[in-house]
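Subject: Structure for your review

Dear colleague,

Please find below the sequence and the structure that I am handing over to you. My notes on what was found follow directly after them.

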Amino acid sequence: MRIKSLINSNKLGGPWRITFDTNPDQCNINCIMCEKHSNCNKNKTRQNRQMSIYIIEKVVSEAVKYGLREIIPSTMGEPLLYAKFEELLNLIKKFNLKINITTNGTFPKLGVEKWSQLILPISSDVKISINGATKKTAEYIMSGINFEKQLKNIRKFLEVRDLIRKNKINDPTITFQVTFMESNLEELPELLKLAIDMNIDRFKGHHLWITHPELNYESLRRNDDSIHRWNEIVEKLIILAEIYRLKGGKKIVLDNVYPLTNLKDNNKIPNNWICPFLGREAWVAWDGTFNVCCSPDNLRKSFGYFGNIMESNFIELWNSNKYDNLIKNWGNYEVCKICNMRKPRNERWRH
């Protein structure tokens, strides 16, 4: 049976947000779930792929006319290690856009204070990857992180956020970005309480992609028992978010925190769970390849090749028949059927 598209009628004239894979090979942390940098990756090769700033400027100058509002730098590497990062910030200011960034909280090269002064005045959201409420768990999942120093950096970053808000320069949010897995499942309630205590704006996460065989046990979708325990944690997180409030009484935002229900054989997602990306956001690889979603590289390639912005106008690729056909038929692809980025339509679980 063909799955009726739930997003086809909502395709935008251009993406509202674009992710640029600026420096996939540069990171100072080896998170176990990372497609590229995990120590589980037995096929690591030394590469130094760096996106030309020209690619970013070309795409932005074309897409800004069609509603582009935000830029996300990098997908695997630590974005603050990108050699052209300060030029990227200047580009964002030139086109009056916002930066939405995920960083590991080490703030390499310039340090937390300098980076906070550069980023927060023009950011919509800064997601800080943090994956445990205890030193043992956090440092196991994010190999190479110093948990105490990470928390110290976050607190300093929050101080600058508050000062920027007070002076009405910008109103950026800061998010705890978590990968939900077996190793941190029981610590998620404490991690949420830590976020609230620190006055973090949002608690966001997603279930991990199985990018290495060693991660099979980490999946919370692997069997009925793990799904049941995840659903119990979801209930606890929702209750905690109601009971404990941020400074001023505001409720922390829970994002992608919803129960796993009605999963089919082989972890296939229910048909009525939506894709939040196709027709709304775009990804550009370090070499200019137009990518259609954020699934792991080997899975995303099963959709086919959609062109390169070094050879075509970005909006032409966005409006291509091939991309439109993907949007019309997205749910029929095997990648879509197991995608852990899809969301249930039930508004009750949108936080």
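This is a predicted model: local features need pLDDT of at least 70, side-chain atom pairs count only at pLDDT 80 or more; totals for chains, interfaces and linings use all residues.

Helix H5 spans residues 147–166, and both Glu159 and Lys156 lie in it, 3 residues apart, which is about one turn of the helix. Their side chains meet in a salt bridge, with a distance of 3.5 Å from N to O.

Arg165 lies in helix H5, whereas Asp201 lies in the loop between helix H6 (188–198) and strand S8 (202–207), so the pair ties together parts that are 36 residues apart in sequence. Are the two partners buried or exposed? Arg165 is partly exposed, with a relative accessible area of 26%. Asp201, at 12% relative accessibility, counts as buried, because the limit for that label is under 20%.

A further salt bridge joins the side chains of Lys251 and Glu242, at 2.7 Å from N to O. Lys251 counts as partly exposed at 25% relative accessibility, and Glu242 is partly exposed as well, with a relative accessible area of 41%. Salt bridges that share partners also link Asp125, Lys127, Arg202, Asp255 and Lys343 into one network. How many salt bridges does a search of the whole structure find? The search finds 27.

I turn next to the sheet. It is an open sheet formed by 9 strands, in the order S9-S8-S7-S5-S4-S3-S1-S10-S11, and its pairing is mixed. Which strands are at the edges? They are strand S9 (253–255) and strand S11 (290–291), each of which pairs on one side only. Strand S4 (residues 98–103) and strand S5 (residues 123–129) provide an example of the parallel sense, and they pair over 5 bridges. Within this pair, Ile101 stands opposite Val126 in S5.

Two helix pairs remain to be described. The axes of helix H1 (residues 53–63) and helix H2 (residues 85–94) come within 11 Å and cross at roughly 15°. That angle makes H1 roughly parallel to H2, because angles under 35 degrees count as roughly parallel. The crossing of H1 and H2 is right-handed. Which residues make the contact? On the H1 side they are Ile53, Ile56 and Glu57, and on the H2 side Glu87, Leu88, Leu91 and Lys94.

The second pair consists of H6 and helix H7 (residues 224–243), whose axes come within 9 Å and cross at roughly 20°. H6 is therefore roughly parallel to H7, and H6 passes H7 in a right-handed crossing. From H6, the residues Leu188, Pro189, Leu192, Lys193 and Ile196 meet Trp230, Ile233, Lys236, Leu237, Leu240 and Ala241 in H7.

Yours sincerely,
A colleague

Notes: Residues are numbered from 1 along each chain as its sequence is written. Side-chain values use heavy atoms; hydrogens and water are left out. Two strands pair if DSSP finds at least two bridges between them. Helices (H or I, at least four residues) and strands (E, at least two) are DSSP runs, numbered from the N terminus. A salt bridge is a side-chain nitrogen of Lys or Arg within 4 Å of a carboxyl oxygen of Asp or Glu. Buried means under 20% relative accessible area, exposed over 50%, partly exposed in between (1.4 Å probe, protein chains only). Axes are lines fitted to C-alpha atoms, for helices over the stretch in contact, and angles run from 0 to 180 degrees between N-to-C directions. Angles under 35 degrees count as roughly parallel, over 145 as roughly antiparallel, 65 to 115 as roughly perpendicular and the rest as oblique. A crossing is left-handed if the near helix is turned anticlockwise from the far one by less than a right angle, and right-handed if clockwise. Contact means heavy atoms within 4.5 Å.
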